[in-house]
Amino acid sequence: MSAPSVGVADAVDLAGGDPGFAARAVADAARDVIGLGTHLGATIDWAVRSAAHIPLPGPSRNATDAATAERWSALATAAALDVGAARVLEPHLDALAILAEARADGIAVDLAALGVDEDASWGVYAAEGGAARLTARQTPSGWVLEGTKPWCSLAQDVSHALVTAWTGEHDRRLFAVSMRDAAVSPHRGPWVARGLSRIVSAPVDFTAASAVPVGDDGWYLRRAGFAVGGMGVAAVWWGGALPLLAALRAGAAREGADQIAQMLLGEADALSWSARATLLDAAGRVDAAGAAGAGDDLRVLAERVRAVTATAVERIVTRSGHALGPGPLTVDEEHARRVSDLKIYLRQHHAERDLARLGRLVAS
């Protein structure tokens with residue numbers, strides 16, 4: 001693993017104090033992995049081990065637990081160390097949270113039928129696009145999936161996945177599948193991205209692949225955790241920008257640094273602070289809402305958090321380029337990779353289209 005950029009602590013605490021156990025565990029596990037950010041298999045193993053120390057949402061959580069802030073601190077820590085590694089950890093952790101939410105809702109999920117064990121690694125595939133369509137049908141021996149699912153990250157590398165599939169013309173349901181089933185065929189591409197180049201997101205073909213339902217039609221989208229998971233992605237964006245802020249701080253502290261360097265640092269610092277404050281406030285609201293937090297309130301909160309954080313991080317990426325020039329983008333492998341990774345990762349926020357969705361929610 002390449003060393004974190006100058007000034008970045010080993011672990012991040014969203015609240016601005018001492019990092020919690022989960023964030024420290026993520027950083028400590030990373031020290032034991034040679035080639036984190038280079039060797040994908042080692043990164044997936046690190047993600048599985050790290051996730052075991054990160055709290056998941058559950059019915060026992062309340063406002064005093066601060067579980068959400070601790071979980072998001074762990075994700076931000078992963079991104080501060082390596083954006084690509086965080087891109088592996090986030091969906092794995094999201095899958096565990098979804099399964100925990102299902103258990104809390106009294107939903108039985110037969111994971112043993114899929115060979116799930118403590119070493120299982122997870123993806124979450126819920127995107128739709130183009131002509132590709134994945135359908136689910138019930139047979140005498142159980143549910144099977146048929147068709148193609150687009151945008152499946154790490155499908156060739158993880159052992160299991162949670163996948164949405166159409167059960168009718170307008171209804172979708174979530175299913176758990178084994179990605180090592182012979183009836184599951186991940187594509188190798190196309191994936192020409194320079195950012196997140198190792199995290200291939202490509203279609204997967206399913207040919208009567210055995211699947212286990214997770215909830216009924218629509219449960220995946222209407223559960224409270226759907227909005228919370230989207231905010232967890234924003235925590236990754238923020239954590240990924242922290243080394244850029246540190247590089248700006250180092251540049252502005254150099255002898256002879258001009259007022260422009262200081263101004264750019266000041267702007268980036270204020271942007272990072274606004275994103276951190278937004279995430280921290282949202283984490284408190286999520287923990288206070290608990291299981292009763294489903295509905296429009298959390299959806300609006302998630303859209304606001306993602307919009308504020310994405311805007312701040314995009315601006316920090318731009319201002320770091322203005323302040324530091326082409327040097328680190330051309331000779332510093334870690335810095336150049338971080339900038340490219342962040343630019344791709346940020347496109348999970350759909351910019352003006354997501355702002356329009358926020359506007360529709362607010363207007364209604």
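Me: Is Glu-333 buried or exposed?

Reply: Glu-333 is exposed, at a relative accessible area of 55%. Here buried means under 20%, exposed over 50%, and partly exposed in between, using a 1.4 Å probe and protein chains only. Bear in mind that this is a predicted model, where local features need pLDDT of at least 70, side-chain atom pairs count only at pLDDT 80 or more, and totals for chains, interfaces and linings use all residues. Residues are numbered from 1 along each chain as its sequence is written, and side-chain values use heavy atoms, leaving out hydrogens and water.

Me: Which residue forms a salt bridge with Glu-333?

Reply: Side chains of opposite charge can pair when their charged atoms come close. The rule wants a side-chain nitrogen of Lys or Arg within 4 Å of a carboxyl oxygen of Asp or Glu. Arg-337 is the partner, with the closest N and O atoms 3.3 Å apart. Helices are DSSP runs (H or I, at least four residues), numbered from the N terminus. Asp-82 joins Glu-333 and Arg-337 in a network of salt bridges.

Me: How many salt bridges does the rule give?

Reply: The count is 15. One of them pairs Arg-319 with Glu-267 at 2.7 Å, N to O. That pair links distant parts of the chain, 52 residues apart: Arg-319 lies in helix H8 (residues 296-324) and Glu-267 in helix H7 (residues 259-289). Arg-319 is buried at 12% relative accessible area, while Glu-267 is partly exposed at 21%.

Conventions:
Helices (H or I, at least four residues) and strands (E, at least two) are DSSP runs, numbered from the N terminus.
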